[in-house]
Amino acid sequence: MTKTEVREYQWIKPDKEKCISCGQCVNFCPRDVLRLGEDGFPYMKYRDDCWYCDVCTYICPKDALHLEEIPYLIK
Amino acid sequence: MKVKTLTADIVILGGGSAGTIAAIKAKEKNPDAKVIIMDKGPIESSGAIGRGMDALNIMASPGYSTPEDVVEALTKVSEGVIDQETAYVLGEKSKDVIKDLEEYTKREPGDLFPTDKDGNYVTNYLHPTDAPLYLAMDGEDIKRGLASRVKKLGVEVLSFTPATKLFTTDGEISGIFGFNIRTGQGYFINTPTVILTAGCVGKFGLPRDGYLSGIYEFPGNTGEGYALAYEAGAEMVNLECFQTNLLMKDYNGPACGYVVYPRGGYGVNAEGNKYWTHGYWSGDMFLAVWKQFQEGKGPIYLKMDHLPQNTINGLEKVLWGTERTTRGKFHLDRSESYHCWDSVEQGLEEITLCSGHSMSGIKVDKDTKTTVPGLFAAGDCASVPHQYLTGAFVFGAIAGQQAVDYAATHKAKPVGVNLEILAEETERPLKLESGLAPSDVEFKLRARISQYLTPPKSDPLMQKMLWWCKRIREQDIPRIKVNDYHDLIKVTEIKSILVCAEMAARASLFRTESRWGLSHFRLSYPARDPKWDRKQVVIKKVGGEMTLEAVEVPAFKWDFPEYLEYEYPKMEFDIGEGYHPPKNDNVDPWLEEKYEREGFEIPRRIVPGGK
């Protein structure tokens, strides 16, 4: 089972209609949280290193990435 | 792990605010110098200001305030434990930061920072002095501006490549080692200078909600600057002054007192009453917050609802648009509004160590030199009290210029290291068949830090923390098992946090007084003691041992107040006499007979299915 198939709660989600799999979000995440999955879309490989800083959303050239909510433990 | 060997004139560890400007100033001074930045992430977005920043919290702005005003403010908030000359340099050079940032971001005066009709930069009141020293900023893009300049100047940037070890030869800096946390490529760099700009010990105490990354400081800052400097033999100071900032509770981002207070907001307790005279992040204010909770007057809030509607809207725009931009989402999710007095609940941060907002770190002089030749330090890991982002830029710039001069006259000395063995030792946690998850060990260590070191500080609890440091170092860290290089760096991070915890506990036990309000409120010595005036606790590794010494700060040039106006509370906990139960006979024949008959064996009486 790949990570993308795991139904672990992830608070950063790509809009698959808009995402062009450019990898900007992966390369500019300051905590190295994201990776592109086998389907080409970003997922939170290292979820609990996320600082909910929003850089991924900010950097996305297609406005395709959304931080839906901040981590459950602190929201 | 394959290790690539490089040479450099300057290696900068940490491409945050101080690190990027150090690289820029070094290359501008000597374009031929080979400058390498090692960073845990990409320098465009890493560090404390990756998503922007809303102020330069200390500034001597011509027409408004002077460098002497900066020295006065910092002498007071550090309660006399300061090198005034360094504080003066911070004030004197702070105005240069304005021009640099406007240039790097290509933004006009009046856009990035507010200006008046004469073109002066408008500072506001924040510090416990009569001078306005706070300069607001709309700095959402400054990190990108810095990164762009760094790359344009030909600085080599090793992204996602933090360092794990510093080397000295004959007591001088000679090399640094690290690896890429994505590829596992190792780098050994032979260099005569290293500038440590690796930030604070942001991951230190455990946040109350238990989310390891749910902290105020950037979670990539885990004390490597502190730990590497200490291990290389540098002197460390003020580790007993803990940072415990007043934040937005749970979100653990700035609430932000420094943006709201200068515009008329203030803190109130659960009864709606103002509980302290100012909102500056000094230990007296934290002590006032602590008192509210002891008296049953928490939660506390940041009150803004009395301000003009457009001011409140403007505050929301600034606070939700820079630094921690998910703040707005946090509030909206809780149906909270800045137009309501009890919406922004505040709470004291879990303890951390930091110079920027507090004063602990590597001992440096006004030229950013540490006590190890070739080693320079700036930003949150270098002790310049309450220097904030301004100090990161001022002293980062000085570090770059000083290091490039040093490298011009010092060649890198050879390092006696076997890189194969070094790589093998580094990768050991990857090779274990099974072991402890790094997140579990980090959780346990940081939970102990919170439980045993959080002020008011208790001597027996701090001694117990030292017991835990030894136990975790000897028993837990060797058992950490990781599956990839991303997690391998966490072993170094945990080791760094551990060294810092030991330094913090030992320094706190060494300083036999209380000072800086809550930041060093020690129950065994619950008052300031004049014999500690102008004295620092200096920690240094000598012969493998952690040594401590009280050392006087450099002689003062200015005679400014050296205490903040507050008193430590009288701690009286008389709870009466209690119930005296009738006494049993201490000899229990039933218990003794049982032990004699069974020893320590526990009879197996629970048998599934029965027998």
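## Basis

In this predicted model, local features need pLDDT of at least 70 and side-chain atom pairs count only at pLDDT 80 or more, while totals for chains, interfaces and linings use all residues. Residues are numbered from 1 along each chain as its sequence is written, and chains are lettered from A and ligands numbered from 1 in the order in which they are written.

## Strands β2 and β3 of chain B

Helices (H or I, at least four residues) and strands (E, at least two) are DSSP runs, numbered from the N terminus. Strands pair if DSSP finds at least two bridges between them. Strand β2 (residues 10-13) of chain B is joined to β3(B) by four bridges, and the two run parallel. Val11(B) has Ile36(B) as its bridge partner, and Ile12(B) stands opposite Ile37(B). β2(B) also pairs in the parallel sense with strand β11 (residues 194-196) of chain B, over three bridges; here the partner of Leu13(B) is Leu196(B). Strand β3 (residues 35-38) of chain B is in turn joined by three bridges to strand β7 (residues 156-158) of chain B, again parallel, with Met38(B) opposite Leu158(B).

A residue is buried if 20 or more other C-beta atoms lie within 10 Å of its own, exposed if 12 or fewer, and partly exposed in between, with C-beta atoms placed from the backbone. In β2(B), Ile10(B) and Ile12(B) point one way, Val11(B) and Leu13(B) point the other way, and all are buried. β3(B) is likewise covered on both faces: Val35(B) and Ile37(B) on one side, and Ile36(B) and Met38(B) on the other, are all buried. Together with helix α1 (residues 17-29) of chain B, β2(B) and β3(B) make a right-handed β-α-β unit; right-handed means that, with the strands pointing away from the viewer, the path from the first strand over the helix to the second runs clockwise.

## Nonpolar core

A nonpolar core is a set of buried Ala, Val, Leu, Ile, Met, Phe, Trp, Tyr and Cys residues joined through C-beta atoms within 7 Å. The largest one has 199 residues, and those with the most contacts inside it include Ile10(B), Ile195(B) and Leu196(B). Helix α14 (residues 485-510) of chain B gives the most to this core, with 14 residues. Ile195(B) touches, among others, Ile10(B), Ile12(B), Phe376(B) and Ala403(B), not counting residues up to four places away in sequence; contact requires C-beta atoms, placed from the backbone, within 7 Å.

## Helix α5 of chain B

Helix α5 (residues 224-231) of chain B has seven of its eight residues buried, so it is largely enclosed by the rest of the structure. Among the buried residues are Glu224(B), Tyr226(B) and Tyr230(B). Just after α5(B), Gly233(B) takes a positive phi of about 100 degrees.

## Domains and chain contacts

The domain assignment, automatic or from a database, gives domain 1 (246-348) and domain 2 (437-534) of chain B. Six residues of domain 1 are in contact with five residues of domain 2.

Between the chains, 27 residues of chain B are in contact with 22 residues of chain A. Helix α9 (residues 327-333) of chain B gives the most to the chain B side, with three residues. That side has nine nonpolar, twelve polar and six charged residues, where Ala, Val, Leu, Ile, Met, Phe, Trp, Tyr, Cys and Pro count as nonpolar, Asp, Glu, Lys and Arg as charged, and the others, Gly among them, as polar.

Note on methods. Two residues are in contact if their C-beta atoms, placed from the backbone, lie within 7 Å.
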